[in-house]
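Reader: I'd like to go through this protein with you, one question at a time. Could you show it first?

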Amino acid sequence: RDYLRDESVEAFEAVAGLRLKLWIADPERNRWGAVLLFESAEAAARPLPSRAGQLIGKAPDVHASFDLEASIEDLTAAGSLSRLGLAFA
């Protein structure tokens, strides 16, 4: 969480074409990951500013790409999804 709060979130905020990134965790099963939404396939192909593999000590076990079929956003919610989560608690 320190890495997210102190480095990773800010670095990913500057990635051109990245519309959303969600860092996810299941500490009980020692599983960590992320969901990224890019505005285009070209944007998704650009290098990313991540040291997660270095910090974890290995490359991700699973990496997959999907097409976005549909999305919604609750515009009546409390506002932006930026900087929510346990790293900022």
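Author: Here are some questions and answers about confidence, rings, salt bridges and the surface. The model is predicted, so to speak of local features we need pLDDT of at least 70, side-chain atom pairs count only at pLDDT 80 or more, and totals for chains, interfaces and linings use all residues. Residues are numbered from 1 along each chain as its sequence is written, and side-chain values use heavy atoms, with hydrogens and water left out.

Reader: Which helix has the highest mean pLDDT among the elements?
Author: pLDDT is the predictor's confidence in each residue, from 0 to 100. The protein averages 88. Helices (DSSP runs of H or I, at least four residues) and strands (E, at least two) are numbered from the N terminus. Among these elements helix α3 (residues 52-56) has the lowest mean, 85, and the highest, 94, belongs to helix α2.

Reader: How do the rings of Phe12 and Trp23 pair up?
Author: Rings of Phe, Tyr and Trp (its six-membered ring) pair if their centres lie within 6.5 Å; planes under 30 degrees apart are stacked, over 60 edge-to-face, the rest tilted. That rule gives 1 aromatic pair. With centres 5.8 Å apart and planes at 85 degrees, Phe12 and Trp23 are edge-to-face.

Reader: Is Phe12 buried or exposed?
Author: Buried means under 20% relative accessible area, exposed over 50%, and partly exposed in between (1.4 Å probe, protein chains only). Trp23 has 29%, so Trp23 is partly exposed. Phe12 has a relative accessible area of 4%, so Phe12 is buried.

Reader: What does Arg51 pair with in a salt bridge?
Author: A salt bridge is a side-chain nitrogen of Lys or Arg within 4 Å of a carboxyl oxygen of Asp or Glu. Here the N to O distance is 2.7 Å, between Arg51 and Glu7. Because Arg51 sits in the loop between α2 and α3 while its partner is in helix α1, the bridge ties together parts 44 residues apart in sequence; that partner is Glu7.

Reader: How far apart are the closest N and O atoms of Asp61 and Lys58?
Author: Asp61 is exposed, because its relative accessible area is 67%. Lys58, at 42%, counts as partly exposed. The two form a salt bridge, and their closest N and O atoms are apart by 2.6 Å.

Reader: Which residues does the salt-bridge network join?
Author: Arg5 and Asp2 meet in a salt bridge at 2.5 Å, N to O. Both lie in helix α1, 3 residues apart, about one turn of the helix. Bridges that share partners make one network of Asp2, Arg5 and Asp6.
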